[in-house]
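Subject: Structure handover

Hi,

Here is the structure for you to take over. My notes follow below it.

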Amino acid sequence: MKKLQKYVLLWVLILAMVLMTACQPEQPGPDQGDFTDLSVRQATGANGVVASASPYASKAGLDVLLKGGNAFDAAVAVAFALGVTEPNASGVGGGGIMVAYNASTGKYLNYNFREFVPAAGTAEAFGTDARLDGGITASGVPTEVAGLLKIKEDLGNSELTLADVMAPAIDYAENGFEIPRELAGIISDNFSSISDAGEEAVEVFSDGIEPLTEGDLLVQKNYAAVLKEIANKGLDGFYSGWVAEAIVNTVAEKGGFITQADLDYAKENYPKISEPLVGTYKDYDVVTANTPSSGGIILVEALNMLEYFQNSTGTSLESLGHNSADYLHTIGTAMQLAYGDKRKYIADTAFVDVPLTGLMHKVYAADRWNECFDPNNAFVMTSSDAYGDPWPYVTEPANIVDYTALDYDEHFSTTTFSVTDSQGNIVTITQTINYFFGNHVVPTGCGFFLNNELSSFSLRPSSVHYVEPYKQPVSHIMPTIIMKEGNPFMTLGSPGSMRIPAAVLQVALNVIEFDMDLQEAIEAARIYSYAVSSSDPDPDKKLIDVETLIGDEAIAGLRAKNYYVDTSYGELSNHFGGVQAILFNYDDQGNLVNMTGGADTRRDGKALAY
């Protein structure tokens, strides 16, 4: 009897321990704390880091890492989650680009899943306007799902299913999340555009009368149903069945061009996998997005010019003083010249011969710099002198078309993130739907917005941006990895339309040249100086946009150098991008100690690590 009592007591104790454990609240992963606390943006860990523009998306990625997924699994989780938690900036109705380092093979990867022109999208179909508008006819064929599922299939951990990595996004869509400050402002500022999308969108983003505000719960049931369909059926869950039917029918009803045949083509032909562009700056290798994105080539060309300036004059950028008028003028000139060449030459290389090797040539950068840079005066460009001639620097000249430059209205509704893991994999993705909330069209019953990426095309046959079926639009998105002497140094990207390369360039230089810690480098004030713009308020001066946190002395110095300084954006503004980045930290012997993620306060950015 005593023996029986002893066993009963033992089982009671075991049961009590099990119940106590079950009743314990779920503990956050290491270094997470309150992951929605945006008073802290930076995080450091030795095993894995996620830095994105949404704390919820960063949490989704970190949870996948903690469950045994690698950086590629986590990146897919983050990407789908961002479509839910930043529905203004990306989603399954758009596309993107991944630049990555695969530690198991030692190779760099460029997965291009940018949208493309539907088969019916001929110039004749668009009419006679000088360029496309941002409406339904500007919808490129969505390719994000094809890209993300291919990343998971090729590079993810096979022990985690697609449903596993999509679970956080589905949860956020179905059960909702609390709206943070920046997203609340975007919903409010763009509520008329949301209303244009119809009753389905209004019901999601308002209380029935007023737009949702900070702290309200954003629930997207229809979007959750789409994500479940993808999680259960893979590519067929989006490119076939009821989701595809909704896309095709809605586009047809509104006068667009996307058909089931276009969706089939996307399913079979995307993403396009290639090698990224690789340039150098001093003892750094710069691994960045290839065409049809232009951001990577702008970054490489600008860095080549800045390297030449320092070598030829013996003047370091550091000696000019961070964000001094001289420093801003120097990097601003490099931006202008690189942006000018992008404006004229960069296009989809499947349709246009692009002088990439010439644009990346260091002698070309030196010659262009010597021709244009004056340390005391802004280079006030006209359309004729805004562009160099890189063709003589190309080792194998291609057939040259009549290049006609194009100004187009690309918006900053884009998002970016980076992920690293304990295996040494590095992933950085930038994804977009172009305008805030795309073209303001939601396929019936689906809850996501279609993109309007085709607004960047031209209807002039002489332009490299001439619209043609299956052609991909040019963008400035440029997820980038920087290596130093063969070791990972940092990874970063930004949204911000044409300001993307400027943001990435300045944050990278803040770390490389001024030895800033990552969060300080991200938070520092920025400028933007384009090549030629029809919006220049004074044709005799060079327009430069600045964040006023730069200070009155620098602003006065720029004006003295013949700049028209636009200070209308205030101290800090998402006009100048939203950089999310990771920095690799080493000890004195060169051993990797840990990694630090930084996130931009210009967005709802948050880094998490363990």
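Among contacts with a separation of 6 or more, 74% join residues 24 or more positions apart. Keep in mind that this is a predicted model.

Confidence next. The mean pLDDT of the chain is 91, and 90% of the residues score at least 70. One is residues 1-32, where the model has 12 contacts beyond four places in sequence. The other is residues 397-411, with 56 such contacts.

Overall form. The chain holds 21 helices and 19 strands. Its radius of gyration is 25 Å, close to the 25 Å that the globule rule gives for 610 residues, so the chain is as compact as a globular protein of that length. The C-alpha trace spans about 100 × 60 × 50 Å along its principal axes. Of the 610 residues, 61% count as buried.

Tyrosine 270 counts as buried because its relative accessibility is 6%, under the 20% cut-off. Leaving aside residues up to four places away in sequence, tyrosine 270 touches Asn112, Phe113, Arg114, Phe116, Thr143, Ala146, Tyr265, Tyr470 and Gln472. Alanine 502 is 232 residues from tyrosine 270 in sequence, and their C-alpha atoms are 29 Å apart.

Best wishes

Notes. Residues are numbered from 1 along each chain as its sequence is written. This is a predicted model: local features need pLDDT of at least 70, side-chain atom pairs count only at pLDDT 80 or more; totals for chains, interfaces and linings use all residues. Side-chain values use heavy atoms; hydrogens and water are left out. pLDDT is the predictor's confidence in each residue, from 0 to 100. Contact means heavy atoms within 4.5 Å. Buried means under 20% relative accessible area, exposed over 50%, partly exposed in between (1.4 Å probe, protein chains only). Helices (H or I, at least four residues) and strands (E, at least two) are DSSP runs, numbered from the N terminus. The radius of gyration is taken over C-alpha atoms; the globule rule is 2.2 Å times the number of residues to the power 0.38.
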